[in-house]
Amino acid sequence: MQNPRLATRYAKSLIDLAVERNELDAVHSDILLLQAITRSNADVVALLRSPVIKADKKIKILGAILDGKISGITTGFIRLLAIKGREAVLAEIAGEFIRQYNVIKNITHVKLTSAAPLEPALLNMIREKVETSAGRKIQLETAVNPDLIGGFVLETGNNLFDASVLRDLMDIKKQFLKNIYVPEIR
């Protein structure tokens with residue numbers, strides 16, 4: 001993040017405005033759309049960061065892309081960013097907005113990595129167990145890593161729960177490298 005203080009302040013002001021107008025969930029879905037666009041389309045990011053393109057052109061281009069897809073609050077916010085010359089920080093502001101929204105709504109981000117794709121029923125069971133143990137709602141992100149061989153890795157915040165076969169094999173390898181049983185034989 002290039003300017004976290006700026007992103008935090010703009011995200012906080014957008015959240016405050018959305019809460020005041022009772023449109024927090026609508027603005028959240030708009031910000032998720034903006035984040036998806038900035039992550040998937042490098043041309044939009046280049047447009048936002050370009051010092052050559054004037055603010056009014058950027059507003060028109062973004063308006064054409066997002067016309068009818070976002071609420072009035074978000075449209076006004078993007079227009080304000082462009083006028084103030086802060087549109088290059090839009091992706092950072094979106095990320096910070098989502099982080100602050102999750103704090104307000106008591107949602108924790110959890111990443112589940114498994115060796116093979118998991119069935120929806122199993123994912124729901126894992127979601128319920130994690131939500132009950134954490135005492136809060138979770139936003140579950142799934143990934144597949146065949147190197148795990150079997151099992152799963154669950155990451156949340158600063159915690160990591162590794163129940164993979166790969167970790168077990170690495171532990172066994174460490175034990176063999178230490179060779180703790182040879183001195184006992186003699």
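Predicted model: local features only at pLDDT ≥ 70, side-chain atom pairs only at ≥ 80, totals over all residues.
## Sheet, salt bridges and a nonpolar patch

Val110 stands opposite Thr156 in E3.

Four strands, in the order E2-E1-E3-E4, form an open sheet with mixed pairing. E2 and strand E4 (159-164) are at its edges, and each has a single partner strand, so one side of each has no neighbour in the sheet. From one strand to the next, the twist averages 15 degrees.

Strands of a sheet are held in pairs through backbone hydrogen bonds, and the pairing can be parallel or antiparallel. The table lists the pairs.

| Strand pair | Sense | Bridges |
|---|---|---|
| E1 and E2 | parallel | 8 bridges |
| E1 and E3 | antiparallel | 5 bridges |
| E3 and E4 | antiparallel | 6 bridges |

Strand E1 covers residues 107-114. Its pairing with E2 can be followed at Thr113, whose bridge partner in E2 is Ala143.

Val110 is the residue opposite Thr156, and in E4 the bridge partner of Thr156 is Asn159. E3 and E4 form a hairpin with 2 residues between the strands. In this hairpin Gly157 takes a positive phi near 55 degrees.

**Salt bridges**

How many salt bridges does a search of the whole structure find? The search finds 6 salt bridges. Some of them are described here.

In one, the side chains of Lys58 and Glu87 meet, at 2.6 Å from N to O. The two residues are 29 residues apart and link distant parts of the chain. Lys58 is in helix H4 (residues 55-66), while Glu87 is in the loop between helix H5 (72-84) and helix H6 (90-104). Are Lys58 and Glu87 buried or exposed? Both Lys58 and Glu87 are buried.

Another salt bridge joins Arg99 and Glu96, with the closest N and O atoms 2.6 Å apart. Arg99 and Glu96 are separated by about one helical turn, because they are 3 residues apart in helix H6. Glu96 has a relative accessible area of 6% and is therefore buried. Arg99 has a relative accessibility of 45%, so this residue counts as partly exposed.

Asp168 and Arg167 also form a salt bridge, and their closest N and O atoms are 2.8 Å apart. Asp168 is partly exposed, with a relative accessible area of 38%, and Arg167 is partly exposed at 34% relative accessibility.

**A nonpolar patch**

Which residues make the nonpolar surface patch? The patch is made by Ile149, Val165, Leu166, Leu169, Met170, Ile172 and Phe176, and its area is about 630 Å². One of these residues, Ile149, lies in the loop between strand E2 (137-144) and strand E3 (151-156). Why does Ile149 count as exposed? Its relative accessible area is 54%, and exposed means over 50%.

Notes
Residues numbered from 1 in each chain as written. Heavy atoms only, no water. Patch = residues over 30% accessible without salt bridge, like charges linked within 9 Å, V, L, I, M, F, W, Y side chains within 5 Å. Areas by Shrake-Rupley, 256 points an atom, 1.4 Å probe, with all protein chains shown as cover. Salt bridge = Lys/Arg side-chain N within 4 Å of Asp/Glu carboxyl O. Buried < 20%, exposed > 50% of the residue type's maximum accessible area, 1.4 Å probe, protein only. Pairing = 2+ DSSP bridges. Axes fitted to C-alpha atoms, helices over the stretch in contact; angles between N-to-C directions.
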